[in-house]
Amino acid sequence: PNMVQESHVLRCFSRQAFQVQQVKKSMKWTCKVCGEKQSLMQEFGRGTAANCRRHVQKLNTLRGRMLEMNSCCHSGEQTFRTNSHYIPESTRTSARCLLKIASSGKHLL
Ligand SMILES: [Zn+2]
């Protein structure tokens with residue numbers, strides 16, 4: 001019997017683009033976009049492949065918006081309300097800027 005394959009959301013250091021990768025034991029992964037091999041530094045979410053793909057879309061959308069706004073990390077804490085099981089605790093802090101924009105936008109997350 002196969003174990004359920006878990007996926008997670010990673011970000012390429014070179015293009016800063018988010019993408020879905022299958023969870024492996026290795027701490028190395030290869031970017032699907034530019035082919036760069038890199039270390040697994042940070043995980044932005046974890047779950048089924050479908051969930052991860054949806055999350056990646058949101059993150060990349062937010063990333064584009066963040067570049068437009070060119071401003072993040074103001075004061076205050078943004079509570080991560082939705083999908084709290086899906087996003088590991090450890091990634092919440094790093095995702096805060098994105099989430100802040102998400103909440104100021106709409107219900108993207
Ligand atoms: Zn890349």
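**Contacts, helix and core**

Author: In this predicted model, asparagine 60 is in contact with Ala17 and Phe18, leaving aside its neighbours within four places in sequence.

Reader: Where is asparagine 60 found?

Author: Asparagine 60 lies in helix H1.

Reader: Why is asparagine 60 called partly exposed?

Author: Asparagine 60 has 15 other C-beta atoms within 10 Å. A residue counts as buried at 20 or more and as exposed at 12 or fewer, so asparagine 60 falls in between.

Reader: What about H1 itself: how many residues does it have?

Author: Helix H1 has 21 residues, 49-69. From its first C-alpha to its last it reaches 30 Å, close to the 30 Å expected at 1.5 Å a residue.

Reader: Which residues of H1 are buried?

Author: The buried residues in H1 are Cys52, His55, Val56, Leu59 and Leu62. They are on the same side of H1, because they cover an arc of only 140° around the axis. Ala50, Gly64 and Glu68, on the other side of H1, are exposed.

Reader: Changing topic: which residues make up the largest nonpolar core?

Author: That core has 10 residues in all: Val9, Leu10, Phe18, Val20, Trp29, Phe44, Cys52, Val56, Leu59 and Leu62.

Reader: And which elements give two or more residues to this core?

Author: Those are strand E1 (7-11), strand E2 (18-22) and H1. H1 gives the most, with four residues.

Reader: What does valine 20 touch?

Author: Not counting residues up to four places away in sequence, valine 20 touches Ser7, Val9, Ala49, Cys52, Arg53 and Val56.

Notes: Residues numbered from 1 in each chain as written. Predicted model: local features only at pLDDT ≥ 70, side-chain atom pairs only at ≥ 80, totals over all residues. Expected span 1.5 Å × (residues − 1). Arc of directions from axis to C-beta. Core = buried A, V, L, I, M, F, W, Y, C linked by C-beta atoms within 7 Å. Contact = placed C-beta atoms within 7 Å.
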